[in-house]
Amino acid sequence: MPEQANPPSGTERPVDPGVRIGHVHLKVADLDRALGFYCGVLGFELTQRYGHGAAFIAAGGYHHHIGLNTWESLGGSPPPPGTTGLYHHAIVYPTRATLADALCRVMRAGIPLDGASDHGVSEALYLRDPDQNGVELYWDRPPETWPRSSGGELAMFTRRLDLDDLLKEAGESPRPEFQEPGEVHDP
């Protein structure tokens with residue numbers, strides 16, 4: 001078994017604050033099915049396709065936010081529970097209204113939610129793509145409204161998200177057949 005690195009002692013310099021997480025690249029079993037979800041349901045735009053093996057999709061004219069490929073996974077199945085791998089990837093929406101629109105799209109497509117959580121700093125929807133990859137759709141509240149302890153430290157929490165209230169942002173109400181998720185997810 002490989003030896004684990006020692007945890008940081010707090011004396012190392014922090015990473016530059018301009019560093020950010022870039023795109024995610026997912027192995028999928030069926031490229032067209034994955035495009036149907038990410039483009040057809042969530043509304044991303046196809047920016048480039050490489051034959052039947054890969055595609056890149058984005059929002060707002062960016063080169064790509066998500067890469068999809070079948071190079072090692074064509075016709076494959078998701079990893080079984082209890083194994084390591086991707087827990088979820090997160091898609092950030094700029095406003096609460098755009099998150100509400102995403103919820104409407106998911107509802108119209110009949111895709112069930114795994115969970116819906118208010119984390120104090122953000123509101124999040126959790127679901128699965130057709131390859132059973134975890135997907136978080138969320139928006140960040142303005143930093144000045146984030147919950148803080150009496151000492152000023154960040155005090156995130158996890159509570160059930162009121163989907164009816166979120167849907168009001170889109171001028172919608174839940175369809176009678178839409179099931180509220182039974183689970184609340186940690187960030």
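Residues are numbered from 1 along each chain as its sequence is written, and side-chain values rest on heavy atoms, with hydrogens and water left out. Because the model is predicted, local features need pLDDT of at least 70 and side-chain atom pairs count only at pLDDT 80 or more, whereas totals for chains, interfaces and linings use all residues.

The protein chain has three helices and nine strands, these being DSSP runs numbered from the N terminus, with at least four residues for helices (H or I) and at least two for strands (E). Along the sequence, the elements of the protein chain follow the pattern β-α-β-β-β-β-α-β-β-β-β-α. Of the 187 residues in the protein chain, 36% are buried, a term that stands for under 20% relative accessible area, with exposed meaning over 50% and partly exposed in between (1.4 Å probe, protein chains only). Among the contacts in the protein chain with a separation of 6 or more, 58% are between residues 24 or more positions apart, contact meaning heavy atoms within 4.5 Å.

The pairing of E1 with E4 belongs to an open sheet of four strands in the order E1-E4-E3-E2, in which the pairing is mixed. Strand E1 (24-27) and strand E2 (45-50) are the edge strands, each pairing on one side only. Neighbouring strands of this sheet are turned by 20 degrees against each other on average, direction ignored, as judged from axes that are lines fitted to C-alpha atoms. Within the sheet, Val-24 stands opposite Ile-66 in E4. Leu-68, leaving aside its neighbours within four places in sequence, is in contact with residues including His-25, Leu-26, Tyr-38 and Ile-57.

Leu-68 is also one of the residues with the most contacts inside the largest nonpolar core, which has 35 residues, the others being Tyr-38, Leu-42, Leu-125 and Leu-137. Such a core is a set of buried Ala, Val, Leu, Ile, Met, Phe, Trp, Tyr and Cys residues joined through side-chain atoms within 4.5 Å. Two or more residues are given to this core by H1, strand E3 (54-58), E4, E5, H2, E7, E8 and H3, and the largest share, seven residues, comes from H2.

Helix H2 (residues 96-108) has 13 residues, which should span 18 Å at 1.5 Å a residue, and its end C-alpha atoms are 18 Å apart, in agreement with that value; the expected span is 1.5 Å times one less than the number of residues. The buried residues of H2, among them Leu-99, Leu-103 and Met-107, pack against helix H1 (31-41), strand E5 (89-93), strand E7 (122-128), strand E8 (134-140) and helix H3 (163-168). After H2 comes Gly-110, whose phi is positive, near 70 degrees.

A search of the whole structure finds two aromatic pairs, defined by rings of Phe, Tyr and Trp (its six-membered ring) with centres within 6.5 Å, and classed as stacked for planes under 30 degrees apart, edge-to-face over 60 and tilted for the rest. Phe-37 and Tyr-38 form an edge-to-face pair, 4.7 Å centre to centre with 85 degrees between the planes. Phe-37 counts as buried because its relative accessibility is 3%, and Tyr-38 is buried with a relative accessible area of 0%. Tyr-50 and Phe-56 likewise form an edge-to-face pair, at 5.6 Å centre to centre and 90 degrees between the planes; Tyr-50 is partly exposed, with a relative accessible area of 44%, whereas Phe-56 is buried at 15%.

Methods: Two strands pair if DSSP finds at least two bridges between them. Axes are lines fitted to C-alpha atoms, for helices over the stretch in contact, and angles run from 0 to 180 degrees between N-to-C directions.
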